[in-house]
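Me: I'd like to learn how to read the features of a protein model, step by step. Could you walk me through one?

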Amino acid sequence: TVPSITFNGSDDQSLYTVLSANFPDVPASSLMTFNLDIEGISASGGSACTSGTENRSHVMAQILPDFTGTTIRFSFSDMNTREEVDFLVEKLNKILRR
């Protein structure tokens with residue numbers, strides 16, 4: 001079973017090209033950006049101001065102070081295909097089931 005994932009933002013105040021997802025505090029999520037990179041997927045842990053680090057974003061710490069899991073930011077463009085999104089979902093499932 002894949003643990004529940006929540007999303008940050010709202011329908012009317014979010015960029016359609018950015019998806020910020022919260023993964024629960026499970027062993028597989030602690031190195032999520034590393035594991036995604038191994039699978040050939042570029043993603044960032046949190047906000048743009050923490051890009052390239054495993055540190056928790058200070059923005060996310062203010063928004064969700066009690067959250068102990070991992071936040072990952074995915075960026076998309078009109079050049080992404082459905083197959084690429086399906087590939088991402090497949091790899092996330094694989095990582096979270098480890």
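**Reading the salt bridges and the sheet**

Reply: Happy to. Let's begin with one lysine: K91 is buried, with a relative accessible area of 12%. Please keep in mind that this is a predicted model.

Me: What cut-off makes a residue count as buried?

Reply: Buried means under 20% relative accessible area, so K91 at 12% falls in that class. Its salt-bridge partner is E39, with the closest N and O atoms 3.3 Å apart.

Me: Where do E39 and K91 lie in the chain?

Reply: E39 sits in the loop between α1 and α2 (58-63), while K91 belongs to helix α3, so this contact ties together parts that are 52 residues apart in sequence. As for cover, E39 is buried too, with a relative accessible area of 13%.

Me: How should I think about such pairs in general, and how many salt bridges does the structure hold?

Reply: The general idea is that side chains of opposite charge can pair when their charged atoms come close. Here the structure holds 2 salt bridges. Besides the one with K91, there is a salt bridge between the side chains of E39 and K94, at 3.0 Å from N to O. This pair again links distant parts of the chain, with E39 in the loop between α1 and α2 and K94 in helix α3, 55 residues apart. Through shared partners, the salt bridges join E39, K91 and K94 into one network.

Me: Is K94 buried, partly exposed or exposed?

Reply: K94 is partly exposed, with a relative accessible area of 43%. Compare that with the values for K91, at 12%, and E39, at 13%.

Me: Let's turn to the overall layout. In what order do the elements run from the N terminus?

Reply: The order is β-β-α-α-β-α, which gives 3 helices and 3 strands. Of the 98 residues of the chain, 32% count as buried.

Me: And how do I read the sheet?

Reply: As a general idea, strands of a sheet pair through backbone hydrogen bonds, either parallel or antiparallel. In this model, an open sheet of 3 strands has the order β1-β2-β3, with antiparallel pairing. The edge strands are β1 and β3, each of which pairs on one side only.

Me: How many residues of β3 are buried?

Reply: β3 is mostly covered, with 5 of its 6 residues buried.

Terms used:
Residues are numbered from 1 along each chain as its sequence is written. This is a predicted model: local features need pLDDT of at least 70, side-chain atom pairs count only at pLDDT 80 or more; totals for chains, interfaces and linings use all residues. Side-chain values use heavy atoms; hydrogens and water are left out. Helices (H or I, at least four residues) and strands (E, at least two) are DSSP runs, numbered from the N terminus. Buried means under 20% relative accessible area, exposed over 50%, partly exposed in between (1.4 Å probe, protein chains only). Two strands pair if DSSP finds at least two bridges between them. A salt bridge is a side-chain nitrogen of Lys or Arg within 4 Å of a carboxyl oxygen of Asp or Glu.
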